[in-house]
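Good morning, colleagues. Please look at the structure as it comes up.

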Amino acid sequence: MTRTIIRAGRLIDGSGAPPLIDPVVVLDGSRIAAVFQGAVPENWDGAAGASVLEYPDATLLPGLIDCHVHLNLPGDGTPFPLAVEEPDGVLVAISVRNAQTALAAGITTLRDCGGRGATTFDVRRAIDRGYVSGPRLVLCGQPITITGGHCWYFGGEADGVDALRHKVRELAKMGADFIKVMGTGGGTPGTMSWQPSFSREELDVLAQEAHSLLRKVSIHCLCGEALLLAAAVGADHIEHAWFITDEAGNQRYMPEAVDALARSGARVSATLAVGYHSIKALAALERRSPDEQAALDRWRSMMDDNLSHFNAQVKAGVQFVAGTDAGWGHTPYTAVVDEMELMHQGGLSSMEAIVAATSRAASALAIDGDLGLVREGMVANLIAVAGNPLDDLRNLEKVQLVMKNGTLVSDRA
Ligand SMILES: [Zn+2]
């Protein structure tokens, strides 16, 4: 086994505990063998022959986790119907590029919330076999949607309880770690984000089938009625949790849905970054067409609503994790720090935002036996960043070290 010692100025271990000053983290192969403060104890011989990496002014953390991305999509503003005109082979190539962009930025785990056919499984296979580098991937394959529903281009259309049961079984057979279902319409033209897509009976059967196959269920919800349904059928994870009421994108907060969501214990990815990047891209245009101006106005009003609704949900006890919707619209594969900064603006402390992108994210993804904490026995997915992210979360963008499975991905100290 290769032994490595990493020293840094401080350690934020992902649990929410205060930083440890002058940490010494000892790796044995791909796992963390021990964490000490100051020095390796003299009577401990587990560090013999280790190579030493030093980041004296930096903060060491668990690799970040983005709980909501779409590897297939370029994240460069290409409209969705155009982006999915590419053949599967091109979608795989784009996915590999996106995965590598995230890894270089210290995002060592991505949860993909929907891609076409088997493309995301193929990408994971190529990474796991060592043909290409990339983060750890947690996958659903195709998102399940009603015929003609949000993201139907990906191949996950199913209607009625029998078809839904079949689709869940098929995705589990293909290698899905969790089941993602579009509980409302969304950014796909012609779909309705302001009303539920599936009936209670359909969602009940889908959730029962997924849970019997030991898969968590994640439901995309852009309206309050869908949130109520999701909580009622025992969804494990909610994507977005927005409150759209009409075609214009107006929103109305629904306290009874939020109370049900908080009581259910489901984890929520707010995907605030997607609005942030849409506004950034549209505001940067020197000239805007009437349509672009209308889109900018709409996103600005949605963003104001989303931040105030996020704050209200935090106060109601909803448990958020960091999920960006990277790939969608203009959202880049480095957006997880934007999401953390936005969650901080919306009421989480800096430390809570870090927990939302590390240990809480890992538990939401059922990978917390391996990842999300810098602790003895955990897999060594680590980053070191310049300065202290508790002073400014943007310091998480000053990446000096990225390590995956105990192997250096990049070392810029
Ligand atoms: Zn999404």
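Predicted model: local features only at pLDDT ≥ 70, side-chain atom pairs only at ≥ 80, totals over all residues.

Within helix H5, Asp204 and Arg200 are 4 residues apart, which means that about one helical turn separates them. Their side chains meet in a salt bridge, with a distance of 3.0 Å from N to O. Arg200 is partly exposed, at a relative accessible area of 42%.

Which side chain of opposite charge is nearest to Glu202? It is Arg200, but at a distance of 11 Å. A salt bridge requires the nitrogen and the carboxyl oxygen to be within 4 Å, and Glu202 has none, although it is buried.

Let me turn to the structure as a whole. The search returns 13 salt bridges. One of them joins Arg116 to Asp88, whose closest N and O atoms lie 2.8 Å apart. Arg116 sits in the loop between strand E7 (107–112) and helix H3 (119–128), while Asp88 belongs to helix H2 (residues 88–104), so this pair ties together parts that are 28 residues apart in sequence. The two partners can also be described by accessibility. Arg116 is buried, with a relative accessible area of 14%, whereas Asp88 is partly exposed, at 36%.

A second pair is formed by Arg136 and Asp370, whose side chains meet at 3.4 Å, N to O.

I come now to the domains. The assignment for the protein chain gives domain 1, made of 3–62 and 373–411, and domain 2, spanning 64–364. Taken over C-alpha atoms, their centres are 30 Å apart. At the interface, 24 residues of domain 1 are in contact with 24 residues of domain 2. Together the two domains bury about 1,800 Å², and 69% of that area is on carbon and sulfur atoms. Which three residues supply more than any others to the area that domain 1 buries against domain 2? They are Leu393, Arg394 and Lys404, which account for 32% of it.

What of the polar side of this interface? Between domain 1 and domain 2 there is 1 salt bridge, and 5 residue pairs are in polar contact across the interface. On the side of domain 1 that touches domain 2, the elements giving two or more residues are strand E5 (51–62) and strand E15 (399–404). Of these, E15 gives the most, with 4 residues.

One further pair deserves a place on the list: the side chains of Asp338 and Arg394 meet in a salt bridge, at 2.7 Å from N to O.

Thank you for your attention.

How values were computed
Residues numbered from 1 in each chain as written. Heavy atoms only, no water. Buried < 20%, exposed > 50% of the residue type's maximum accessible area, 1.4 Å probe, protein only. Lys, Arg positive; Asp, Glu negative; His and termini not counted. Domains from an automatic or database assignment. Contact = heavy atoms within 4.5 Å. Buried area = accessible area lost by both parts, 1.4 Å probe. Polar contact = N/O pair within 3.5 Å; in protein donor to acceptor, adjacent residues only side chain to side chain.
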